[in-house]
Amino acid sequence: MGMRKVAVIGAGMTRFVRRALETPKELSWEAARMALESCELTMDDIDAVCFGTAPDAFDGVHMNGEYASDGAGAWRKPFMRSFVGGGTGVFVPIQGWYHVASGMFDVVLVVAEEKMSSFYPHAQAAFLTIFDHTTERALGPNLLWIFALEMNRYMTTYGLKKEDIARVAVLHKRNAAAHPCALLGDPNITVEDVLNSEVLAWPVQRLDVSPVSDGAVAIVLAAEHVAKRLTDKPVWIEGVGWNLDTAYWTNRDLVYPRYVEYAARMAYEMAGIKEPRKEIHIAEPYDPFDYKVLHHLEGLQLAPRGRAIELYLDGTAERDGDLPICPSGGLLGVGNPIAAAGLMKIAELFWQLRGEAGERQVPGNPRRGVAQAWGDLMQVGTVVVMGR
Amino acid sequence: MSQQVAIVGVGWSGFRPKTPDLSYKELMYEAAVRAYADAGIDPRRDVDSFVSVAEDFIEGTSITDEYVPDQLGAVLKSVQTITGDGLHGLATGVMLIRSGIARIVVVEGHSKASNILTPDTITAYAQDPVLNRPLRLNTHFVAGMEMHRYLYESGTTREQCAAVVVKNRRNALRNPLASYGADLSLDEVLFGPPLAWPLGKREAAPTTDGGIVVVLASEDVARALREDPIWIRGIGWCNDSPSLESREWGNLPYLQQAAQMAYAQAGIRDPWNEIDLAEVDDTYAYKELQSLEALGVCGYGEAGSLLEAGAFDLDGEFPVNPSGGSLGVGHMLEATGLMRTLEAVLQLRGEAGAHQVEGAEVALVQSWRGVPTTSGAVAILTN
Amino acid sequence: MTFLERDAHAPQAWFGRLPAAHRYTYGLAGERFFRALKDEGKILGSYCPKCDHTYVPATVFCERCLGELTDWRDMGLVGELHTFTVLYVDYEGRPLEKPQVVGLVSFGDGGIVHFLNADPETLIIGMPMRAVLKPPAERQGSILDIQYFEPVQE
Amino acid sequence: MTVRFKHFPGVSLDEEDFREGKVLYQMDELKAEYAWDTGIAIGTYLAGLKRGVILGVRCSHCRKVVVPPRTVCEWCFRPMEEYVELPDTGTVNTFSLCYITWDMRRISQPEIPAVIHIDGTSELGPASVVMGGILHKLGEVDPNEVHIGMRVQAVWKPEAERTGAITDILYFKPIR
């Protein structure tokens, strides 16, 4: 039985900012309204709503999905919120995909929102409670610990240099300079800037890290028969994959993200991709920290293990390179309102594959892209392959 | 896409007000082992996708989906968490199977309510932080206001609401999984301590601990696995306005819509005559009556007198909450919809024992996410 | 199902909390609604012409059509009692010494949830209720700038 | 998008906007307290720590030994068979020098969180992706000398002060 084809037909997003005036409801509404306008639909056309937001601790509302649902257009609609930590932003379109692919709905609005600035005084403190309450939290861990532990393991295993890894942050922040919604775009940033930035948790420095941000993104998904009626430029969801590794993260070798590999293989199989490096033309891997991109590119089978950095050293990753990586500017440049940041990558592929990315447009009429997010205790991989 | 979806295995653990012998992971594991044995599957080999239902502040962990996979046999598999009731999880499983991306899906929910020391302040954090929370009100006020408006609009009486408690806790006496079986008089409920007038404290379901795992399968797999799969013929879910200021108070339009969605899939036109038993939300006693009306089981304002006439009794024309419901079994937080699903499966298999509804062929399961939400879901199951 | 046994000396429970504090902005609508309440003593609503629906407190979007709402209206200070309750437990779930009377007073198609300053025996659904505001100097731009609602004296 | 949209919503605020009263805001704090049942495996682990012992478990099927204990093997979904008393020594699998506390306060002397691969647990190798590692901190060490592969040993609290917690181990220090 062939699967029902599902297309992205519209997208919208707010600016990503450090502190938004808007409430989570209002951010969701702003993105949702834009997404509807972009494909000239109204709420009457929407059959169901999928919503993504990462931990309730950020927005500061228990059952945050319920609270923000009206802004996402859920009034008198089937509404569900899915949740896979940092992977949520690329999972919520998968949730939308199976809503439509199941045959139960034809047009679905997918919204992802995060208002990290509500956590006071600093959003990072919310991450204490992602650790095991009995065996780990008593040690006072923070999110930087696990990133730093993973980065160190990765760097040391492959003998990578910090000045090379810093080129990831530089490229993404430069790319973001062309994004109208970006928080940290900077066309002039250099490797030295990254290396001279404050050491947070060695080997992680300030500019290795994406900024805490607020924002929302929305897309509209439609079944094939509807999509073809509504647009002559549908972008198809060709493959989806998601995977969760063990919660006992200290029992794993952090050098390689198998969960990303498994998620990618699932998505590639569905998309019929056999040689990802040749068949994928744009990649939006998850980049909350610069080394993570390398990790993820390897998990996505776009580079051999320990060698993803070469894509940055030889120019392949640049916007006009052979495999543009994060032409949006990514989380490092555009910002990281967790769930919204992941869905931003889907929106970016949508615009890129339609040739509507303006200044950020990747040359050569790219035909296929992959977006990926990651989250939890370095544990979850979510992957979407899109093509036209 | 026209793929039918069946329940091929159920498992549970706990079902006691406290489960001090087991951690939440161990509670989940015990339920999973039972469910996999019931379905005759090996999770490491056979299951394509896992769905859990949970909320961070209930678990006391941010990004609580992290801790799902190990004890379900789901490591390095497709796992997602839905922040919804168990029926939202069930609906997710149905969609995964109908889409063709999975053939066997496991849905998990659990309650460790006994581990939460501050349930009221956690629930209060679900109120709008600017409009409502500054009043510093216990969130039960939402139920008190809803009950009052419901009684006002529908003509239902406080006595009729109290009678729901009497019925459900008596049903619970026959259910070995129920924590709160009791033989109460109407007066004992009606003149018990107040909570949020007109709502009394004994009309609010106490919580209980437990884990529930349900195994879903596509039609061909289900038929290969067992002779008596339970079919999910319809499933619907819907929200109303989340804001207290602009929602409906006397009616449950979101539940009406969720029911219509489920009925349309199941081909049900006349719920009263086509459904043999219903497991319906009774987080608060009045909700059972209000929900039955929204489900179209009877007309608006009619459920109370039908209840008094015995129609919803275990041996009545339309048994409601034969398990004892949340009032009798105990409220299981996000797992509540799965508790009701478990009951429906046992009933449809004829395995419900002392509270078996004779000849049950079609069961309705419904759930609500509690105050202050307007989120409801409905499933229609058949044997 | 386990082969392992529990050590008889094992601690029963591990105690902990989920520390989280928040600073909530009022948002696009809240800024305007609460400044009008604070500075002008007004309760504002917003009207959606497409859905013919008036939101109170005013919002910037219509939850039905997601249209932007620009038609803001003064709703007056007298609304209609839509429903109420007498609450016997406090925020943390402890019994209240003095029960709280709380209601939804409707304005337009929405309303305000607040304390009611009245003997609940005298309250009737549908009766007019007036918002009693704090003195202007004490208002801070909060729902608590309304002290309570009370029945409109005939 | 840039083709279609000229304006992107989202109003950015500064900290000054809050300090100077330019925006309205509401403060609140969640009161969320829990007594998580420790259960069989973790309860026993904590009791072991109180005795000064690190307990692992062995799988009845794949014979793997891991820490902390659990009742089921996540790889083969068979029950764990028995507890294993592990030595309190191990090898640094990875580490960091952290200058930020969990609530983002800056500290001058770094904390040194590490994943410590406890001796006697399963080995991490090309064929295996599992080991018995735990999260803890390093102490009595010059931050510049810490390295992956370093051998370390637990430094315990005095027995009378132990409570049955991971902090009954103060930190791990290098084995000289």
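Predicted model: local features only at pLDDT ≥ 70, side-chain atom pairs only at ≥ 80, totals over all residues.
In one of the salt bridges, the side chain of B:R369 meets that of A:E66 at 2.7 Å, N to O.

Strand β3 of chain A (residues 79–83) pairs with β3(B) in the antiparallel sense, over 2 bridges. Within this pairing, A:S82 has B:I82 as its bridge partner.

Chain A also meets chain D, through 61 residues from chain A and 57 residues from chain D. About 5,200 Å² is buried between them, and carbon and sulfur atoms give 66% of it. On the chain A side, A:R19, A:L139 and A:N251 lose the most area to chain D, together 14% of what that side buries. Between chain A and chain D there are 24 residue pairs in polar contact and 2 salt bridges. One of the salt bridges is formed by D:R106 with A:E198, whose closest N and O atoms are 2.6 Å apart. Among the elements of chain A that each supply at least two residues to the side touching chain D are β1 (6–13), α1 (24–38) and α14 (338–354). The largest share, 7 residues, comes from α5(A). The side of chain A that touches chain D has 28 nonpolar, 16 polar and 17 charged residues. Here again, strands of two chains pair: β5(A) and strand β7 of chain D (residues 97–100) run antiparallel over 2 bridges, with A:A201 opposite D:C98.

Over all chains, the structure holds 65 salt bridges. Within chain A, the side chains of A:K292 and A:E150 meet in a salt bridge at 2.6 Å, N to O. Since A:K292 lies in helix α11 (residues 290–299) and A:E150 in helix α5 (residues 143–158), the pair ties together parts of chain A that are 142 residues apart in sequence.

Turning to the sheets, chain D has an open sheet of 3 antiparallel strands in the order β4-β3-β5. Its edge strands, β4 (65–66) and β5 (80–86), each pair on one side only. Strand β3(D), residues 54–59, is joined to β5(D) by 6 bridges, and D:G56 stands opposite D:V84. Helix α2 of chain D (residues 41–51) packs on this sheet and touches β3 and β5, its direction making about 140° with that of β3(D).

Chain C holds an open sheet of 3 strands as well, with antiparallel pairing in the order β4-β3-β5. Its edge strands are β4 (53–55) and β5 (71–74), and the twist averages 35° from one strand to the next. In this sheet, 3 bridges join β3(C), residues 44–48, to β4(C), where C:T54 stands opposite C:Y47.

Methods:
Residues numbered from 1 in each chain as written. Chains lettered and ligands numbered in written order. Heavy atoms only, no water. Pairing = 2+ DSSP bridges. Helix = DSSP H or I, 4+ residues; strand = E, 2+ residues; numbered from the N terminus. Contact = heavy atoms within 4.5 Å. Axes fitted to C-alpha atoms, helices over the stretch in contact; angles between N-to-C directions. Salt bridge = Lys/Arg side-chain N within 4 Å of Asp/Glu carboxyl O. Buried area = accessible area lost by both parts, 1.4 Å probe. Polar contact = N/O pair within 3.5 Å; in protein donor to acceptor, adjacent residues only side chain to side chain. Nonpolar A, V, L, I, M, F, W, Y, C, P; charged D, E, K, R; others polar.
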